[in-house]
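Me: I would like to go through some side-chain contacts and the labels attached to them. For each label, please give the value and the cut-off behind it.

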Amino acid sequence: MLAPPRRRDTRSAGTETLELEEPRYRAGRRRPRWVSVPLRFLVPALIVAAWWIGSATGLIPEEILAGPPKVWSAFVELYQTGQLVDFSIASFKRAALGVLFGVLIGLLLGVLSGLSSLGEELIDSTMQINRAIPFLALVPLFIAWFGIDETFKVLLITVATVGPMYAYTYLGVRNVDRKMVEAAQSFGLRGPRLVFGAILPAALPGVLMALRICLSISITGLIAAEQVGTREGIGYLVTLAQEYNRTDYMVLCVVLYAVLGLIFDGVVRIIEKFAMPWRAQAAVR
C-alpha cells in the first residue's frame with residue numbers, strides 16, 4: 001500500500017501548490033532479520049528459562065514436571081536407541097497422509113459447492129453435519145469399521161481436516177469478485193482453466209488459512225489415533241510414559257508435537273511467501 005502524499009507549503013504569489021513525494025512501501029519499514037528472528041523466539045525462550053529456574057530451585061517438583069536437563073537426557077537416550085527417529089517419522093507419515101487426503105477432499109468439495117448452487121445443495125448440508133460431529137466421537141466407530149491398523153489412524157486425521165478446508169475454500173470461492181471472473185471469461189477462460197487460473201488464485205488466502213488450521217488439527221487427531229493399537233509413534237511414547245510415570249518422556253512428547261507443528265507452520269509460510277508475495281507489504285510494521 002502506498003503512503004499518502006505529503007503537503008508541502010510552497011506559497012508563491014498567494015498560491016499554494018502540492019508536490020507529491022516518491023511513495024514509500026510498507027515493506028521498506030520492515031525490521032532487519034537479525035532483530036525479527038530473535039523476537040520470534042523471545043517468548044518461548046523466556047518460558048523455557050522460567051521452567052529451568054523453577055526446576056533447579058525446587059519450585060517445580062520433578063515428579064510433577066521434569067526439568068530441561070531430565071528431558072534432554074530422555075531425548076539423548078531415545079535418540080541413541082533409534083526409537084526417537086523411528087517414532088517421529090511414523091507420526092509424521094500418518095499426519096502428512098491424513099492432511100493430504102483431507103485437504104484434497106475438502107478443497108474439491110469446497111470448490112464444487114462454491115461454484116454452483118447445485119453443488120451447494122448436494123454437498124453443504126452434509127459437510128455442515130461433518131463439522132458439527134466431533135471427530136474424537138468417531139474413534140470407537142472407526143475402530144469397529146477399520147480395525148486399529150494404519151487405515152484407522154489416517155482416516156481419523158482425514159475426517160478431522162476435511163471440515164476446515166471445505167469451509168474456508170467455500171467462503172474463498174464465494175467471495176471472489178464477480179467482475180474479476182467476468183474479465184477472465186472475456187479472455188477465454190472456461191471450465192478448469194477458469195477455476196485454476198482465476199478463481200482458486202483469488203481464493204488462495206482463505207485456502208492457505210484453512211491449510212494452517214488443518215495442520216494444527218491434525219496434531220490433535222494424531223494424538224487420538226496413536227493412543228490405540230500402535231507400536232510406533234509419539235503417541236505410543238506417551239502411553240509408555242504414562243505406564244511408567246516418566247514425566248521426562250511426557251514433556252519430551254509435548255516438545256516433539258510442538259516441533260511437528262512448527263514444521264507444518266513453516267511449510268505454510270514458505271507456500272505463502274512464493275504464492276502470495278504481496279502479503280509481505282500488507283502488514284503494518
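Me: Why is arginine 246 called partly exposed?

Reply: In this predicted model, arginine 246 has a relative accessibility of 28%.

Me: What makes the contact of arginine 246 with aspartate 248 a salt bridge?

Reply: The N to O value for the two side chains is 2.8 Å. The cut-off is within 4 Å, so the pair qualifies. Aspartate 248 counts as buried, because its relative accessibility of 10% falls under 20%.

Me: How do you know that the charge of arginine 246 sits over the ring of tyrosine 249?

Reply: The charged end is 4.2 Å from the ring centre, against a limit of within 6 Å. The rule also asks for a position within 35 degrees of the ring normal, and the contact is listed as sitting over the ring.

Me: Why are glutamate 226 and arginine 94 both called buried?

Reply: Their relative accessible areas are 1% for glutamate 226 and 4% for arginine 94. Buried means under 20%, so both get the label.

Me: What makes glutamate 226 and arginine 94 a salt bridge, and which parts of the chain do they link?

Reply: Their side chains meet at 2.7 Å, N to O, and the limit is within 4 Å, so this is a salt bridge. Glutamate 226 lies in the loop between helix H10 and helix H11, whereas arginine 94 is in helix H4, 132 residues apart.

Me: How many salt bridges does the structure hold?

Reply: There are eight. Those that share partners join Arg212, Asp265, Arg269 and Glu272 into one network.

Me: Why is the pair of tryptophan 145 and phenylalanine 146 called edge-to-face?

Reply: The ring centres are 6.3 Å apart, and pairing requires within 6.5 Å. Tryptophan 145 is exposed, because its relative accessible area of 57% is over 50%.

Me: What makes tyrosine 166 and tyrosine 170 a stacked pair?

Reply: The distance is 6.0 Å centre to centre, with 20 degrees between the planes. Planes under 30 degrees apart count as stacked, so this pair does. Both tyrosine 166 and tyrosine 170 are buried, and they are four residues apart in helix H7, about one helical turn.

How values were computed
Residues numbered from 1 in each chain as written. Predicted model: local features only at pLDDT ≥ 70, side-chain atom pairs only at ≥ 80, totals over all residues. Heavy atoms only, no water. Helix = DSSP H or I, 4+ residues; strand = E, 2+ residues; numbered from the N terminus. Buried < 20%, exposed > 50% of the residue type's maximum accessible area, 1.4 Å probe, protein only. Phe/Tyr/Trp six-rings, centres within 6.5 Å; stacked < 30°, edge-to-face > 60°.
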